[in-house]
Amino acid sequence: MKGCGESNTGQPEPRVGIFWLVANRLIVDASPLSEAEPYGDCLGHRLSHIRYWAILRKTGVVQPELEYDDFPRGRVTYNAKKQEFYFLADTCILKDKAKVAKIKKLMYLPASTIVDTDLHYKCPGCDKSESKREQEEADWDF
Ligand SMILES: [Zn+2]
């Protein structure tokens, strides 16, 4: 019926949220900015990685023996004071430009979103490539 569900002409509301890259598959949980939870000057997703991972395990999306920090992950927050979105993620995600673009699109993020790394987001793969690099450097000592 006309009048009930007339589409909103504006852009969808940008989201804040958390995400993982699990074996080349994106797992994203996000909420519209108007439902985000304030902390300090920022607005963030109501669920932490740990809490949402518990739900993913319970619902069988991920295998129970897998840990939330076994995979590259990141989050999107909004600084209300600066009016800026921050996309903070593991370098394993950031180096995959197509995945970054996909997450930004899924969450309706503006082009001005600041994309950066975060020390919290380092998967075992990051450590491995670092120790591999050290190993390669060590080989020069021979
Ligand atoms: Zn990584």
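# Getting to know the model around Phe87

Me: Does Phe87 count as buried or exposed?
Reply: A residue is buried if 20 or more other C-beta atoms, placed from the backbone, lie within 10 Å of its own, exposed if 12 or fewer, and partly exposed in between. Phe87 has 21 C-beta neighbours inside 10 Å, so it counts as buried.

Me: What kind of model is this, and from which number do the residues of each chain start?
Reply: This is a predicted model, in which local features need pLDDT of at least 70 and side-chain atom pairs count only at pLDDT 80 or more, while totals for chains, interfaces and linings use all residues. Residues follow each chain as its sequence is written, and the numbering starts from 1.

Me: How many helices and strands does the protein chain have?
Reply: Helices (H or I, at least four residues) and strands (E, at least two) are DSSP runs, numbered from the N terminus. Going from the N terminus on, the elements run β-β-β-β-α-β-β-α-α-β-α. The protein chain therefore has, by these DSSP runs, four helices and seven strands.

Me: Which residues does Phe87 touch, beyond those up to four places away in sequence?
Reply: Phe87 lies in strand E6. Contact here asks for C-beta atoms, placed from the backbone, within 7 Å of each other. By that test, the residues Phe87 touches are Gly74, Val76, Lys104, Leu109, Thr113, Ile114 and Val115.

Me: What separates the C-alpha atoms of Phe87 and Asp116?
Reply: Along the chain, these two residues are 29 residues apart.

Me: Why is E1 largely enclosed, and how many of its residues are buried?
Reply: E1 is largely enclosed by the rest of the structure because most of the strand is buried. The number of buried residues is seven of the eight.

Me: Over how many bridges do E1 and E5 pair?
Reply: Two strands pair if DSSP finds at least two bridges between them. E1 pairs with E2 (residues 25-32) in the antiparallel sense over eight bridges, and there Gly17 stands opposite Ala30, while Leu21 faces Leu26. On E5, Arg73 stands opposite Trp20. E1 and E5 also pair in the antiparallel sense, and the number of bridges is four.

Me: What is phi of Asn24?
Reply: Most residues other than glycine have a negative phi. Asn24 sits in the loop between E1 and E2, where it is exposed, with 7 other C-beta atoms within 10 Å. Ala23 is in that loop too, and its phi is positive, near 50°. Asn24 is not a glycine, yet its phi is positive, about 70°.

Me: What percentage of the residues of the protein chain count as buried?
Reply: The protein chain has 142 residues. Of these, the share that counts as buried is 23%.

Conventions:
Contact = placed C-beta atoms within 7 Å.
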